[in-house]
Amino acid sequence: MTAPFPQSSGSSARRPVVPIIAAVVVGIILIVAIRSLSGGGHKDNGATGSSTGSSPAGDKGCTTINLVASSEKAALLQQVAAGYAKANHTVDGHCARVSVTTKASGGAEQALARGWTDDDGARPDVWSPAAKAWVVLLKGDLGKKDQADLSPDVTSMPSVATTPLTLAMPKPMATALGWPDKQPGWKDILDLAQNPKGWGAYGHPEWGAFRLGKTDPELSTSGLHATIGAYVAATGTSSDLTAAALADPKVVAFAKGVENSVVHYGDTTLTFLSNLQRADDAGKGLTYVSAVAVEEKSVWDYNQGNPTGDPKTLGQHAPPKVPLVAVYPKEGTLVSDSPYDVLTAPWVDGTKKAVAADFLTYLQAPEQQKAFLQAGFRDAHGGTAGGRIDPANGTLPDQPKVTLQPPSPTVLSLVEDSWRKERKRARVLVVLDVSGSMGDPVEAAGGQSKLDLAKAAAVRALGQLQDDDEVGLWAFTTGLGDGSATHLQLAPIAALGPQRNAITQAIQGLQPLNGTPLYRVTEDAERAVTTGFDPNRINAVVVLTDGRNEDPNGVTDVNVLLRQLGQRTETDTVRVFTVGYGADADQGVLKQIAQASQGAAYDASNPTSIDAVLTNVLSNF
């Protein structure tokens, strides 16, 4: 749910940040320790660089509004906006244009709540998260700080399109539970997850234990809706959640049981769907997860071989051998209703509001709604299903039978608080590159080095993890001691609480040294976490590097490393999450490493993005 690293004012974690204790003496000792092991140091020859981007500008003389949209519909909205421009719409005598940018719903909510900055991307005039629940959360967060509300009445807010939350299951597994005639619920999922026989209770011991894929509810709509749905199911009613219900020990135990079945979390469902697609390509479509909490539209996308949902990539990959089907929890489910929120903010003047209203009319017109139906959404007017929603595509147009509403802002905040307490805990080893190129300056950051930015981000991220998460820390570079070592252990894998200050001080003391033994340190780190593997925790490695393998010793062929990472079974899988940092990071190899271990790769080519990237990395835990 966050990252083994820190957060700047531009990041989005809600966990309280622990005060940082200056440790000059410890820092000096660490510098001396690393240099004594390395026998001195020299800077490698890696070049530095950063990537920058800008929001697309409107035509000269036009009034352009910026629409910030959730990822599952952003590409489609960009196509619709292009059609709107081509049709030469005018408002108040001026040509009107719409620039669509994308940002995760939770990240956008948190950015708006703290005061949107340039680090958060293009500021929205119109915000379209995946669901109104995020607007409800924003109202609550702004209200806590006595700040002005940015949104009109949520109940009357129009929608762009709709799609209900489902539990997407490989079809053979869902069929074993009675699909499509029977819709299992969260209670059935919990019973299966806690059954010592696992899928053997349904005659399929070869499928192992029940494993759930679920995103971080502080960042992702599917994760938020799944968490709400599980809590509602725990109460045994379909009525609104209350603070009293969330405090009921039986409800808490139910929710904790569901969380214990999670394989890992994440900032986006695409991590799960992409990993599942690769497993299916390898003939292992029943080995990764038993169910993933995703929107119905994502089930349709996956079954077309297009888990990204981007219309431009449709048809580029074959449909899966083992398709997914949508299970609509019988206790009820929430709907992602893609609200169209014209912000009541000082920067949204009357002309922009007029353009926003005109574009909404265009969006809700039959021709544009047809495009959403063709993409696997339901329409904006009551959630009517189009022809894409049918059993042949793994989806059921007459479901869901029970639709839930998001709770009040106060209760919704309590849901997130409860999840933080009950989420599955992590056992993670953080591996930081301290090669010479990490000392290169970043012009966009006022000349601070890449390592300076990474250290600051890492320290802040410590506050995103709980004291009972287990965390270890390595710094890695070549030339340590006699050359046989790849890393210096700065903290063992142990409960974070007692060593939080020591890890903070260790990070602050890091200095850039030699080269990058990427393959060997990844192999060593994965083996270290495998030793002492804890099936009750999310076992993982996070590798942050700005370079490529420069080590002549040990593993020199990435294919050897990939084979080793791919040998693990679900009972001892250590997932590797990689961060390619700066312009010279070997993004392709890092992606291969993450995919081989069923983790995820993150791109921080722009060093100033490291806070946000590390937030997304740690959202897996």
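Visitor: Leaving aside neighbours within four places in sequence, which residues is Trp-127 in contact with?
Guide: This is a predicted model, in which local features need pLDDT of at least 70 and side-chain atom pairs count only at pLDDT 80 or more, while totals for chains, interfaces and linings use all residues. Residues are numbered from 1 along each chain as its sequence is written, and side-chain values use heavy atoms, with hydrogens and water left out. Contact means heavy atoms within 4.5 Å. By that rule, with those neighbours set aside, Trp-127 touches Val-68, Ser-105, Ala-108, Glu-109, Leu-112, Trp-134, Val-135, Leu-138, Pro-339, Tyr-340, Asp-341 and Leu-343.

Visitor: Why is helix H4 described as largely enclosed by the rest of the structure?
Guide: The buried residues of H4 are Ala-133, Trp-134, Val-135, Val-136, Leu-137, Leu-138, Gly-140, Asp-141 and Leu-142. They pack against helix H3 (105-114), strand E4 (126-128), H7, strand E10 (341-342) and H14. H4 is called largely enclosed because its buried residues number nine of 12.

Visitor: How are H4 and H7 oriented to each other?
Guide: Two packed helices are described by the angle between their axes and the distance between the axes. Axes are lines fitted to C-alpha atoms, for helices over the stretch in contact, with angles from 0 to 180 degrees between N-to-C directions; under 35 degrees counts as roughly parallel, over 145 as roughly antiparallel, 65 to 115 as roughly perpendicular and the rest as oblique. The axes of H4 and H7 come within 11 Å and cross at roughly 85 degrees. The two helices are therefore roughly perpendicular.

Visitor: Which side chain does Lys-144 join through a polar contact?
Guide: Lys-144 belongs to helix H4 and, at 57% relative accessibility, is exposed. A polar contact is a pair of N or O atoms within 3.5 Å; within protein, one must be able to donate a hydrogen and the other to accept it, and residues adjacent in sequence count only if both atoms are side-chain atoms. At 2.9 Å, the side chain of Lys-144 is joined to that of Ser-413.

Visitor: How far apart are the end C-alpha atoms of helix H9?
Guide: The expected span of a helix is 1.5 Å times one less than its number of residues. H9 covers residues 249-260, and its 12 residues should span 16 Å. The separation of its end C-alpha atoms agrees, at 16 Å.

Visitor: Which backbone oxygen does the side chain of Tyr-581 reach?
Guide: Tyr-581 is in strand E15 (residues 575-581) and is buried, with a relative accessible area of 0%. Leaving aside neighbours within four places in sequence, its contacts include Met-438, Lys-450, Leu-453 and Ile-610. At 2.6 Å, the side chain of Tyr-581 reaches the backbone oxygen of Lys-450.

Visitor: Is Ser-338, with its positive phi, buried or exposed?
Guide: Ser-338 is a residue other than glycine with phi near 40 degrees. It lies in the loop between strand E9 (335-336) and E10. Its relative accessibility is 1%, so Ser-338 counts as buried.

Visitor: Is Asp-92 buried or exposed?
Guide: Asp-92 also has a positive phi, about 55 degrees, although it is not a glycine. Its place is the loop between strand E2 (90-91) and strand E3 (94-102). With 59% relative accessibility, Asp-92 counts as exposed.

Visitor: What is omega for the cis peptide bond that joins Trp-179 and Pro-180?
Guide: Pro-180 is in the loop between helix H5 (171-176) and H6. The bond joining Trp-179 to Pro-180 is cis, with omega about 5 degrees.

Technical notes: Helix = DSSP H or I, 4+ residues; strand = E, 2+ residues; numbered from the N terminus. Buried < 20%, exposed > 50% of the residue type's maximum accessible area, 1.4 Å probe, protein only.
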